[in-house]
Amino acid sequence: MKHTLNLTGRNLFDLDDYSVEEIEKIFETAKVMKEINSREYKKIPTLRGKTVATLFFEDSTRTRISFELATTRLSADVVSFTSTGSSLKKGESIQDTVYTLNAMGIDLYVVRHSCPGVPQLVNKYSNKPVLNAGDGRHAHPTQALLDMFSIWEKKGSLKGLKVAIVGDILHSRVVRSNLIGMKKMGADVVVCGPRTLMPPKIEEVYGATCEYDLKTAIKDADVVMALRMQLERQTEGLFPGLGEYTSRYGLSNKMLEFAKDDVLVMHPGPMNRGVEILPEVADSEHSIIIEQVTNGVAVRMALLFLILGGKPGREVA
Amino acid sequence: MILLKNGMVYLSDEKKIEKVDVLIDKKIIKKIAPVIEEKNAEVIDCAGRHIFPGFVDLHCHLRDPGYTYKEDIASGAESAAKGGFTSVCCMPNTNPAIDNISTLNYIMRKARDVGKTKIFVIGAMSKGLEGKEIANIASLVKGGVVGLSDDGNCIQVAKLQLNVMRYASIYDIPMICHSEDYSLSGDGQVNYGPMSTKLGLSGIPTLAEEITVSRDIMLADVTGSHVHIAHASTKRTVELIRQAKKDGIKVTAEVTPHHLVLTEKACDGFDTNTKMKPPLRSEQDREALLEGLMDGTIDVIATDHAPHSDYEKELEFVKAPFGVIGLESAFPVLYTTFVRDNKMKLEELVERITSKPAEIIKKNVGILKEGAPADLNVFDLEESFTFNESEILSKSKNSPFLGMKMWGKIHYTICDGKFTWKL
């Protein structure tokens, strides 16, 4: 490792608590992990004896699997908690759930919840490091880290890059964490979507640029990220329907021509093909959407490794 | 008899602070003079301390009947006494709601039995606070309510609000309006603005208040009712009230200590003790509220004391109930933030939490002069303390000011000539 920064015992609620150097260290560690993941035997023993609990109070498949793979590849044990079929259905509070799990000797919690601020609550009650795996619309820092890592890998740096994020900005935790992280790493971020799906004062809060026209937003962009558009926003009275949305904000090959020639196309998933992104773009050579998923495991391994204090090269006989 | 000697006394008629002695005989302030000698009196030396009329709170939630795990009339009265209050008005969002004479009688009887603080009752505007039918307003007025409100709820249908005001306009009591358009506030948690964006929480726009304040002012104009705007929180609300007063409409307004002192920034970190309705707003709004208070647009300061138990507040931000307590911190917070910082005169602050609110409910309280009820308190303004949970007498501890260093320590509260708080 190039740096000697120590992340042992840290929480990851969002990226505002992390410095540029720390984020770079996570990237460099992720690079090593990615190499391990490409081996035939994808496992190192560094976190043997540690126990990670994944607390998914909100449904998620990919993020949970990604975290669980990351944990087992570092040889830590993982216990999964999902709100369906748990004591939460019997009215147990988060406080009691965490007290109970903590009594069984958990070393680190991975938390996904529909309400912002719950990772902080879990940390308060457990006094153990917590990785935020998405809290409401608030933050999704591991997604942002894997997004940024994916760009960093391809472009060498985020400095001076123009990144356009398109879609339902208001309801997106991915955008918020990416705005914090990408601005920190020196990128210019443009957010674009219908005005009813734009949170107030986004320029002021994050130093982002706000555009309502897709062409302007992706002009000369180095990276374009599309966000999942959910149909239920229609019944909430926020936009008229998917047809008009796709015609204005759907990523097509034609639109992509306004971006740079070597533009990277990204999507945090799951995709609505034909809505926010056309198949021709999703499957094009610009798309790194599948690689984002691969990188997700590596980035999460890096975080677990750094936070649980794993030492490189420590082999257990 | 009680003789308070050598204190700096706020005299309500003169709106001035003077060094005089105050003699209390039974329930009445018998004499105020530079030097009083009275052998039969219990003498309290108040040298270096200030004596104010007992504070009057237009807006608190005593949770009794129905939610007595949060607060009850006895604990609320004690909390009030410790804050220097001798009169409080309790809101009708109890269970059952105060929309009927037996609930009203229960509260008045229990308040009399407890005795610590004068408790005035605000009756419901609509049956069950449901915003559907007019409550039995005539009976409630006869039973002694001092105002009407659906506080905590807001009547959404303009026609019903119009009819409530029209029906009640023959009585000389304020219509206390919690002005909020639910279609705009929705599932909002904090102010719609930078903080809702940053925290990823739904926002409550200032518009949700302002659009309804406009409506309520127009209804006051049309019906001739006295509308009192509860917990004003935005700049435009202040402007609307200022204009309404210029136009001669019978409107008064209150602001809470937390809206005067804090902004939405306090919500960063998801402390549920910063979650209340209306939400903490921007710095611009806060400044406008202070300006409105200073120029008289906003008449009074009221606490909106809203107790919630720890297990209700120690939840996900979204699930925790709205509201914070305020009776015990109100004066020290305001004194520390504004008077010590030379932003407000002490006399001004005292008037806004004593005689001004008393005028709105037309009660002979909150006045310090000869012949007035012996309701007063004694503060040491040079004494500081840290506001913490262990000293709070309310059953609930949900204050946004926990841990704050405050000046102005209460030494005594006297209500109807009896000590209700002694340090």
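In which sense do strand E10 and strand E13 of chain B pair, and over how many bridges? Strand E10 (residues 175-177) and strand E13 (residues 227-229) of chain B pair in the parallel sense over three bridges, where pairing requires that DSSP finds at least two bridges between two strands. Helices (H or I, at least four residues) and strands (E, at least two) are DSSP runs, numbered from the N terminus. Met175(B) stands opposite Val227(B) in E13(B).

This is a predicted model, in which local features need pLDDT of at least 70 and side-chain atom pairs count only at pLDDT 80 or more, while totals for chains, interfaces and linings use all residues. Residues are numbered from 1 along each chain as its sequence is written, chains are lettered from A and ligands numbered from 1 in the order in which they are written, and side-chain values use heavy atoms, with hydrogens and water left out.

In chain B, an open sheet of eight strands runs in the order E6-E7-E8-E9-E10-E13-E14-E15, with parallel pairing. Two of its strands, listed here, stand at the edges, each with a single partner strand, so one side of each is left without a neighbour in the sheet.

| Edge strand | Residues |
|---|---|
| E6 (chain B) | 55-60 |
| E15 (chain B) | 300-301 |

For chain B, the mean pLDDT (the predictor's confidence in each residue, from 0 to 100) is 97, and 100% of its residues reach 70 or more. The predictor gives the complex an ipTM of 0.89 and a pTM of 0.93.
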